[in-house]
Amino acid sequence: MGTLPAAGPVRMRYLVYFQYLGTDFNGVAAVRGAQRAIGVQNYLEEAAKRLNSVEPVRFTLSSRTDAGVHALSNAAHLDIQRRPGQLPFSPEVLVKALNSHLKHPAIRVLQALPVPSNFHARYAATSRTYLYRLVTGCPWPNRLPVFEQNLCWALQADSLDVEAMRDAAQHLLGTHDFRAFQSLGSRATSSVRTLRRVSVSRGPASPFVLPVEHKVQFWTLEFESQSFLYRQVRRMTAVLVAVGLGVLTPNQVKEILESRDPLGKYQSRVAPAQGLFLKSVLYKGLGNPGKEMGWHSPCRGSTLIHPKAGSSLGQGTLGGR
(Lines give C-alpha, C1' and ligand atoms only; values in the text may rest on other atoms or scores of the structure.)
Protein backbone atom coordinates (compact mmCIF):
# COMPACT_ATOMS: atom_id res chain seq x y z
CA MET A 1 0.00 0.00 0.00
CA GLY A 2 1.52 3.31 -1.09
CA THR A 3 2.09 6.27 1.20
CA LEU A 4 0.25 9.53 0.77
CA PRO A 5 2.33 12.47 -0.48
CA ALA A 6 3.29 15.00 2.18
CA ALA A 7 1.05 18.01 2.34
CA GLY A 8 2.60 21.09 0.74
CA PRO A 9 2.80 24.59 2.18
CA VAL A 10 -0.54 26.17 3.02
CA ARG A 11 -1.13 29.59 1.49
CA MET A 12 -3.79 31.85 3.01
CA ARG A 13 -4.89 35.32 1.88
CA TYR A 14 -5.98 37.83 4.49
CA LEU A 15 -7.58 41.28 4.39
CA VAL A 16 -5.94 43.43 7.05
CA TYR A 17 -7.25 46.75 8.38
CA PHE A 18 -4.68 49.10 9.92
CA GLN A 19 -4.39 52.69 11.11
CA TYR A 20 -1.57 55.22 11.39
CA LEU A 21 -0.59 58.78 12.14
CA GLY A 22 0.98 59.90 8.89
CA THR A 23 3.25 62.66 10.26
CA ASP A 24 6.45 60.61 10.25
CA PHE A 25 5.94 58.80 6.95
CA ASN A 26 6.45 59.48 3.27
CA GLY A 27 2.93 58.24 2.67
CA VAL A 28 1.51 54.77 3.17
CA ALA A 29 3.18 53.07 0.18
CA ALA A 30 6.53 51.39 0.64
CA VAL A 31 9.63 53.28 -0.45
CA ARG A 32 12.00 50.88 -2.18
CA GLY A 33 15.76 51.29 -2.45
CA ALA A 34 18.25 53.15 -0.30
CA GLN A 35 16.23 56.34 0.16
CA ARG A 36 15.87 57.83 3.63
CA ALA A 37 12.12 58.32 3.22
CA ILE A 38 9.98 55.42 4.39
CA GLY A 39 6.32 54.47 4.13
CA VAL A 40 3.90 52.73 6.47
CA GLN A 41 4.01 49.69 4.20
CA ASN A 42 7.75 49.30 4.87
CA TYR A 43 7.07 48.83 8.58
CA LEU A 44 4.18 46.44 7.98
CA GLU A 45 6.23 44.24 5.67
CA GLU A 46 9.18 44.32 8.06
CA ALA A 47 6.90 43.08 10.84
CA ALA A 48 5.52 40.37 8.52
CA LYS A 49 9.02 38.94 8.03
CA ARG A 50 8.78 37.61 11.58
CA LEU A 51 5.85 35.40 10.53
CA ASN A 52 8.34 33.09 8.74
CA SER A 53 6.27 32.76 5.59
CA VAL A 54 7.77 30.50 2.91
CA GLU A 55 7.43 33.37 0.42
CA PRO A 56 8.05 37.03 1.38
CA VAL A 57 4.87 38.79 2.50
CA ARG A 58 3.80 41.80 0.43
CA PHE A 59 0.94 44.11 1.38
CA THR A 60 -1.30 45.13 -1.54
CA LEU A 61 -2.85 48.43 -0.48
CA SER A 62 -6.45 49.41 -0.93
CA SER A 63 -5.81 53.16 -0.81
CA ARG A 64 -2.66 55.24 -1.06
CA THR A 65 -2.22 58.29 1.15
CA ASP A 66 0.40 61.01 0.80
CA ALA A 67 3.04 62.11 3.27
CA GLY A 68 1.43 63.58 6.38
CA VAL A 69 -2.02 62.10 5.71
CA HIS A 70 -3.46 59.83 8.42
CA ALA A 71 -5.76 56.79 8.41
CA LEU A 72 -8.35 55.72 10.94
CA SER A 73 -8.72 52.56 8.87
CA ASN A 74 -6.87 51.65 5.69
CA ALA A 75 -6.80 48.13 4.26
CA ALA A 76 -4.53 45.74 2.38
CA HIS A 77 -4.44 42.09 1.41
CA LEU A 78 -1.49 39.78 1.94
CA ASP A 79 -0.61 36.13 1.39
CA ILE A 80 1.07 34.01 4.06
CA GLN A 81 2.45 30.61 3.07
CA ARG A 82 3.20 28.46 6.09
CA ARG A 83 5.48 25.41 6.05
CA PRO A 84 4.15 21.85 5.58
CA GLY A 85 2.31 20.64 8.64
CA GLN A 86 1.63 24.15 9.98
CA LEU A 87 -1.93 25.40 10.17
CA PRO A 88 -2.82 28.87 8.83
CA PHE A 89 -2.72 31.71 11.36
CA SER A 90 -6.05 32.55 12.92
CA PRO A 91 -7.05 36.20 12.33
CA GLU A 92 -6.61 36.97 16.03
CA VAL A 93 -3.11 35.49 16.15
CA LEU A 94 -2.11 37.32 12.96
CA VAL A 95 -3.21 40.71 14.36
CA LYS A 96 -1.37 40.08 17.63
CA ALA A 97 1.79 38.91 15.85
CA LEU A 98 1.95 41.88 13.48
CA ASN A 99 1.37 44.39 16.25
CA SER A 100 4.00 42.80 18.48
CA HIS A 101 6.62 43.07 15.72
CA LEU A 102 5.76 46.58 14.45
CA LYS A 103 8.67 48.92 15.11
CA HIS A 104 6.82 52.22 14.89
CA PRO A 105 4.34 53.35 17.59
CA ALA A 106 2.22 55.33 15.11
CA ILE A 107 0.99 52.19 13.29
CA ARG A 108 -1.51 49.63 14.56
CA VAL A 109 -3.17 46.63 12.93
CA LEU A 110 -6.90 46.62 13.75
CA GLN A 111 -8.35 43.46 12.28
CA ALA A 112 -7.62 40.56 9.92
CA LEU A 113 -10.09 38.52 7.89
CA PRO A 114 -9.47 35.41 5.73
CA VAL A 115 -10.55 36.09 2.15
CA PRO A 116 -10.60 34.10 -1.12
CA SER A 117 -7.33 33.71 -3.01
CA ASN A 118 -8.58 35.98 -5.82
CA PHE A 119 -9.68 38.81 -3.50
CA HIS A 120 -8.05 42.17 -4.24
CA ALA A 121 -8.04 44.92 -1.59
CA ARG A 122 -7.85 47.70 -4.14
CA TYR A 123 -10.34 46.60 -6.77
CA ALA A 124 -12.91 44.96 -4.46
CA ALA A 125 -13.51 48.09 -2.36
CA THR A 126 -17.06 49.40 -2.72
CA SER A 127 -16.68 52.61 -0.69
CA ARG A 128 -13.97 54.91 0.61
CA THR A 129 -14.60 57.74 3.05
CA TYR A 130 -12.19 60.59 3.80
CA LEU A 131 -12.51 62.98 6.72
CA TYR A 132 -10.92 66.44 6.87
CA ARG A 133 -10.53 68.42 10.12
CA LEU A 134 -10.52 72.23 10.18
CA VAL A 135 -10.19 74.66 13.06
CA THR A 136 -11.24 78.32 13.33
CA GLY A 137 -10.74 80.89 16.06
CA CYS A 138 -7.01 80.27 16.26
CA PRO A 139 -5.17 83.41 15.03
CA TRP A 140 -1.86 81.64 14.43
CA PRO A 141 -1.09 77.94 13.83
CA ASN A 142 1.41 77.94 16.69
CA ARG A 143 -1.40 78.94 19.07
CA LEU A 144 -3.02 75.56 18.46
CA PRO A 145 -2.43 72.95 21.21
CA VAL A 146 0.69 70.94 20.36
CA PHE A 147 -1.37 67.74 20.41
CA GLU A 148 -3.50 69.02 17.51
CA GLN A 149 -0.90 70.71 15.32
CA ASN A 150 -0.40 67.78 12.94
CA LEU A 151 -4.04 66.69 12.95
CA CYS A 152 -5.96 69.60 11.40
CA TRP A 153 -5.77 72.71 9.21
CA ALA A 154 -5.77 75.84 11.37
CA LEU A 155 -7.51 78.61 9.43
CA GLN A 156 -6.71 82.22 10.29
CA ALA A 157 -10.41 83.02 10.59
CA ASP A 158 -12.91 83.30 13.41
CA SER A 159 -15.73 81.50 11.61
CA LEU A 160 -16.92 79.77 8.44
CA ASP A 161 -20.12 80.22 6.44
CA VAL A 162 -21.12 76.58 6.78
CA GLU A 163 -24.44 76.96 4.97
CA ALA A 164 -22.64 78.37 1.92
CA MET A 165 -20.19 75.45 2.06
CA ARG A 166 -23.10 73.00 2.09
CA ASP A 167 -24.70 74.77 -0.87
CA ALA A 168 -21.40 74.56 -2.76
CA ALA A 169 -21.04 70.87 -1.95
CA GLN A 170 -24.36 70.19 -3.67
CA HIS A 171 -22.67 70.99 -6.99
CA LEU A 172 -20.03 68.32 -6.38
CA LEU A 173 -22.44 65.48 -5.63
CA GLY A 174 -23.22 62.82 -8.18
CA THR A 175 -21.32 61.67 -11.26
CA HIS A 176 -19.06 64.28 -12.86
CA ASP A 177 -15.77 64.74 -14.63
CA PHE A 178 -13.64 65.89 -11.68
CA ARG A 179 -10.62 66.80 -13.80
CA ALA A 180 -10.59 70.30 -12.27
CA PHE A 181 -9.84 68.72 -8.87
CA GLN A 182 -7.15 66.29 -10.02
CA SER A 183 -3.47 66.96 -9.37
CA LEU A 184 -0.69 66.18 -11.81
CA GLY A 185 0.80 62.73 -11.39
CA SER A 186 -2.48 60.82 -11.50
CA ARG A 187 -2.43 57.47 -13.28
CA ALA A 188 -6.20 57.36 -13.66
CA THR A 189 -7.42 56.66 -17.18
CA SER A 190 -10.69 58.50 -16.53
CA SER A 191 -11.43 61.53 -14.35
CA VAL A 192 -15.14 60.69 -14.03
CA ARG A 193 -16.10 59.82 -10.46
CA THR A 194 -19.29 59.62 -8.39
CA LEU A 195 -19.31 61.54 -5.13
CA ARG A 196 -21.98 59.78 -3.08
CA ARG A 197 -22.02 61.86 0.06
CA VAL A 198 -20.61 65.05 1.55
CA SER A 199 -21.06 66.34 5.09
CA VAL A 200 -20.00 69.66 6.59
CA SER A 201 -20.39 69.65 10.36
CA ARG A 202 -19.28 71.15 13.63
CA GLY A 203 -16.62 68.81 14.97
CA PRO A 204 -16.33 67.56 18.54
CA ALA A 205 -14.46 69.81 20.94
CA SER A 206 -10.81 68.96 21.50
CA PRO A 207 -9.89 67.97 25.08
CA PHE A 208 -6.58 69.77 24.57
CA VAL A 209 -8.05 73.26 24.11
CA LEU A 210 -7.92 75.39 27.27
CA PRO A 211 -11.13 77.02 28.58
CA VAL A 212 -9.71 80.50 27.88
CA GLU A 213 -9.46 79.55 24.20
CA HIS A 214 -13.24 79.45 23.88
CA LYS A 215 -13.21 80.80 20.31
CA VAL A 216 -11.43 77.72 18.97
CA GLN A 217 -13.91 75.59 17.00
CA PHE A 218 -13.28 72.37 15.07
CA TRP A 219 -15.10 71.48 11.84
CA THR A 220 -15.32 68.21 9.95
CA LEU A 221 -15.77 67.58 6.22
CA GLU A 222 -16.47 64.06 4.97
CA PHE A 223 -16.47 62.73 1.41
CA GLU A 224 -17.60 59.27 0.29
CA SER A 225 -17.06 57.65 -3.09
CA GLN A 226 -16.03 54.31 -4.48
CA SER A 227 -12.77 55.96 -5.50
CA PHE A 228 -11.16 59.38 -5.79
CA LEU A 229 -8.66 61.04 -8.09
CA TYR A 230 -5.18 61.98 -6.93
CA ARG A 231 -5.54 64.74 -4.27
CA GLN A 232 -9.19 65.23 -5.23
CA VAL A 233 -10.35 65.41 -1.61
CA ARG A 234 -7.73 67.97 -0.57
CA ARG A 235 -8.51 70.15 -3.58
CA MET A 236 -12.27 69.97 -3.02
CA THR A 237 -11.64 70.84 0.63
CA ALA A 238 -9.59 73.90 -0.33
CA VAL A 239 -12.39 75.15 -2.60
CA LEU A 240 -15.09 74.57 0.02
CA VAL A 241 -12.98 76.42 2.59
CA ALA A 242 -12.69 79.33 0.12
CA VAL A 243 -16.49 79.38 0.02
CA GLY A 244 -16.68 79.29 3.81
CA LEU A 245 -14.33 82.27 3.99
CA GLY A 246 -16.33 84.26 1.44
CA VAL A 247 -13.64 84.14 -1.25
CA LEU A 248 -15.83 82.06 -3.59
CA THR A 249 -19.59 81.68 -4.02
CA PRO A 250 -21.35 78.31 -4.30
CA ASN A 251 -22.11 78.98 -7.97
CA GLN A 252 -18.41 79.54 -8.66
CA VAL A 253 -17.74 76.00 -7.42
CA LYS A 254 -20.11 74.72 -10.12
CA GLU A 255 -18.22 76.81 -12.70
CA ILE A 256 -14.88 75.40 -11.50
CA LEU A 257 -16.20 71.83 -11.77
CA GLU A 258 -17.56 72.41 -15.27
CA SER A 259 -14.34 74.09 -16.42
CA ARG A 260 -12.41 70.79 -16.12
CA ASP A 261 -9.34 72.97 -15.69
CA PRO A 262 -6.99 71.71 -12.92
CA LEU A 263 -4.74 74.77 -13.21
CA GLY A 264 -7.29 77.45 -12.31
CA LYS A 265 -6.58 80.04 -9.61
CA TYR A 266 -8.68 78.44 -6.87
CA GLN A 267 -8.99 74.75 -7.74
CA SER A 268 -5.20 74.35 -8.02
CA ARG A 269 -4.87 74.99 -4.28
CA VAL A 270 -4.43 71.89 -2.13
CA ALA A 271 -5.48 71.71 1.52
CA PRO A 272 -2.60 70.73 3.85
CA ALA A 273 -1.99 67.01 4.27
CA GLN A 274 -2.14 66.96 8.06
CA GLY A 275 -5.89 67.61 8.23
CA LEU A 276 -6.84 64.59 6.09
CA PHE A 277 -7.79 61.14 7.40
CA LEU A 278 -8.78 58.05 5.45
CA LYS A 279 -11.73 57.09 7.62
CA SER A 280 -12.87 53.78 6.14
CA VAL A 281 -12.63 51.35 3.25
CA LEU A 282 -15.67 49.10 2.81
CA TYR A 283 -16.16 45.77 1.04
CA LYS A 284 -19.35 43.93 0.21
CA GLY A 285 -20.14 41.34 2.86
CA LEU A 286 -17.25 42.29 5.15
CA GLY A 287 -17.26 44.20 8.42
CA ASN A 288 -16.38 47.84 8.99
CA PRO A 289 -13.79 48.27 11.76
CA GLY A 290 -14.59 51.98 11.93
CA LYS A 291 -18.22 51.33 12.88
CA GLU A 292 -17.25 48.60 15.33
CA MET A 293 -14.87 51.00 17.08
CA GLY A 294 -17.41 53.81 17.31
CA TRP A 295 -16.35 56.09 14.44
CA HIS A 296 -19.94 57.04 13.70
CA SER A 297 -19.40 60.52 12.25
CA PRO A 298 -20.78 62.66 10.70
CA CYS A 299 -20.80 64.36 14.07
CA ARG A 300 -23.86 65.55 15.92
CA GLY A 301 -25.33 68.60 14.26
CA SER A 302 -24.02 67.73 10.81
CA THR A 303 -25.95 67.91 7.57
CA LEU A 304 -25.58 65.05 5.14
CA ILE A 305 -25.69 65.85 1.46
CA HIS A 306 -26.55 62.93 -0.81
CA PRO A 307 -26.76 62.71 -4.58
CA LYS A 308 -30.18 62.54 -6.13
CA ALA A 309 -31.76 59.14 -6.56
CA GLY A 310 -30.81 57.36 -9.74
CA SER A 311 -27.25 58.61 -10.02
CA SER A 312 -24.78 55.96 -11.11
CA LEU A 313 -21.84 54.74 -9.08
CA GLY A 314 -18.35 55.69 -10.17
CA GLN A 315 -15.66 53.16 -11.00
CA GLY A 316 -12.03 53.40 -10.02
CA THR A 317 -9.42 52.52 -7.49
CA LEU A 318 -7.17 54.59 -5.33
CA GLY A 319 -8.03 57.19 -2.72
CA GLY A 320 -8.09 60.96 -2.86
CA ARG A 321 -5.17 61.57 -0.56
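User: Is F208 buried, exposed or partly exposed?

Analyst: This is a predicted model, where local features need pLDDT of at least 70, side-chain atom pairs count only at pLDDT 80 or more, and totals for chains, interfaces and linings use all residues. Residues are numbered from 1 along each chain as its sequence is written, and side-chain values use heavy atoms, without hydrogens and water. Buried means under 20% relative accessible area, exposed over 50%, partly exposed in between (1.4 Å probe, protein chains only). F208 has 40% relative accessibility, so it counts as partly exposed.

User: Where does F208 lie?

Analyst: Strands here are DSSP E runs of at least two residues, and helices are H or I runs of at least four, numbered from the N terminus. F208 lies in the loop between strand 8 (192–202) and strand 9 (217–225).

User: Which residues have the most contacts inside the largest nonpolar core?

Analyst: A nonpolar core is a set of buried Ala, Val, Leu, Ile, Met, Phe, Trp, Tyr and Cys residues joined through side-chain atoms within 4.5 Å. The largest has 81 residues. Helix 4 (residues 232–244) gives the most to this core, with 8 residues. Those with the most contacts inside the core are L94, L134, F181, L195, F223 and Y283.

User: What percentage of the residues of the protein chain count as buried?

Analyst: The chain holds 6 helices and 11 strands. Of its 321 residues, the buried share is 53%.
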